[in-house]
Amino acid sequence: MTVVIGFEGSANKIGIGIIRDGEVLSNPRRTYITPPGQGFMPSDTARHHRAVILTVLKEALEQAGLKPADIDCVAYTKGPGMGAPLVTVALVARTVAQLWGKPLLGVNHCIGHIEMGRLITQANNPTVLYVSGGNTQVIAYSERRYRIFGETIDIAVGNCLDRFARVIKISNDPSPGYNIEQMAKKGSQYVELPYTVKGMDVSFSGILSYIEEVAHKMLSSGQCAAEDLCFSLQETLFSMLVEITERAMAHCGSQEVLIVGGVGCNLRLQEMMGVMCKERGAKLFATDERFCIDNGAMIAQAGWEMFRSGQVTELEDSWITQRYRTDEVEVTWRD
């Protein structure tokens, strides 16, 4: 049986997970949370990760009931992500691999999400919507690559939500997106916002600029409530995502959709995607916050697939790259 430990720390989550042949043995995680109205800076995030990473590593081994000798391979997030946090986690993973005498594997963060989603949901060959704070892509597998059919041409959907949360001072605990989702449930008035789909791609910067400009005027004049703005923003953003996902499904002749990434936890997004899938006679697959939010087990699962197909990363090649495209990775573990 192959046991892989995975280190994830590309943004404000630090997670270490252990996978043994498709079974999640442990998956502890910590989140760096900033005050309302503030984002997280790379240097501060890296400092947070350095402070807790050894505690999280100890927890992962204890929860799994394993010793370093039981681990077959050490996987870490190579990218994409924020430079300083990525370097912090890569350094620890490299050190651990050398101390334990284990092979090392650099994993693409997005492919970690996809492989974890496939494992948990048992989706066979889905069209994937990958939505998070740093990424928005519609992806499908073809000829040993995860091909990007459409993506954001500016900011990611999660980044758009997070920055709107800062404008109206929504708490970052447990996450801005989660708090927007809860407020949106109480919204009743739809405020029309720019809707920008360009072929297979989407743009979110215009919507953000517009809502940043009008939010305080509308709220102070009593035209609408903050809950209405949260509701309207979600409905508009998610409609765009459902549209490009459906177009990719039609192109690929796909009957499955898998939503991955932190924004994929949003139940309203899952509901809207579910309606589209039902109309097409297709099936929707989604995971809960344990596995759609950044975690170590997803890096371990992708590392497990890669390691079993004969891949390893030599120490001199074990750098990080902030811009690491999903379609750059040769998928050696699928037919």
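These questions and answers go through a predicted model and the terms used to describe it.

Q: What makes a feature of this model count?
A: The model is predicted: local features need pLDDT of at least 70, side-chain atom pairs count only at pLDDT 80 or more, and totals for chains, interfaces and linings use all residues. Residues are numbered from 1 along each chain as its sequence is written, and side-chain values use heavy atoms, with hydrogens and water left out.

Q: Why is Asn266 called buried?
A: Buried means under 20% relative accessible area, exposed means over 50%, and partly exposed lies in between (1.4 Å probe, protein chains only). Asn266 has 6% relative accessibility, so it counts as buried.

Q: Where is Asn266 found?
A: Asn266 sits in the loop between strand S12 (256-260) and helix H8 (267-280). Helices (H or I, at least four residues) and strands (E, at least two) are DSSP runs, numbered from the N terminus.

Q: Which residues is Asn266 in contact with, leaving aside its neighbours within four places in sequence?
A: They are Glu181, Gln234 and Phe238. Contact means heavy atoms within 4.5 Å.

Q: What does the UniProt annotation "binding site" cover?
A: The unreviewed entry lists Tyr130, Val131, Ser132, Gly133, Gly134, Asp162, Gly177, Glu181 and Asn266. UniProt positions are given in the numbering used here, feature names are shortened, and annotations may be inferred rather than shown by experiment. Asp162, one of the annotated residues, lies in helix H4 (residues 157-167). Leaving aside neighbours within four places in sequence, Asp162 is in contact with Pro176 and Gly177.

Q: Which residues does the annotation "domain: Gcp-like" cover?
A: That UniProt annotation, also from an unreviewed entry, covers residues 29-300. The span is 51% helix and 17% strand, and its end C-alpha atoms lie 14 Å apart.

Q: What makes H4 mostly covered?
A: Nine of its eleven residues are buried. Among them are Asn159, Leu161, Asp162 and Phe164. The buried residues pack against S7, strand S8 (136-142), H5, H6 and H7. Lys169 follows H4, and its phi is positive, near 60°.

Q: What makes a set of residues a nonpolar core?
A: The set must consist of buried Ala, Val, Leu, Ile, Met, Phe, Trp, Tyr and Cys residues joined through side-chain atoms within 4.5 Å. The largest such core here has 47 residues, and Phe164, Phe204 and Leu237 have the most contacts inside it. H7 gives the largest share, twelve residues. Leaving aside neighbours within four places in sequence, Phe164 is in contact with Ile180, Leu208, Ile211, Leu229, Cys230 and Leu233. A second, separate core of 33 residues includes Val4, Met116, Ala123 and Leu258.

Q: How do you know that H7 and H8 meet, and at what angle do they cross?
A: The axes of helix H7 (residues 226-252) and H8 come within 10 Å and cross at roughly 35°. Axes are lines fitted to C-alpha atoms, for helices over the stretch in contact, and angles run from 0 to 180 degrees between N-to-C directions. The contact includes Phe238, Leu241 and Val242 of H7 and Leu269, Met272 and Met273 of H8.

Q: Is the crossing of H7 and H8 left-handed or right-handed?
A: H7 passes H8 in a right-handed crossing. A crossing is left-handed if the near helix is turned anticlockwise from the far one by less than a right angle, and right-handed if clockwise.

Q: Which peptide bond to Pro80 is cis?
A: The cis bond joins Gly79 and Pro80, with omega about -5°. Pro80 lies in the loop between strand S5 (73-79) and helix H2 (83-100).

Q: Why does Asp21 count as partly exposed?
A: Its relative accessibility is 29%, so Asp21 counts as partly exposed. Asp21 also has a positive phi of about 45°, although it is not a glycine.
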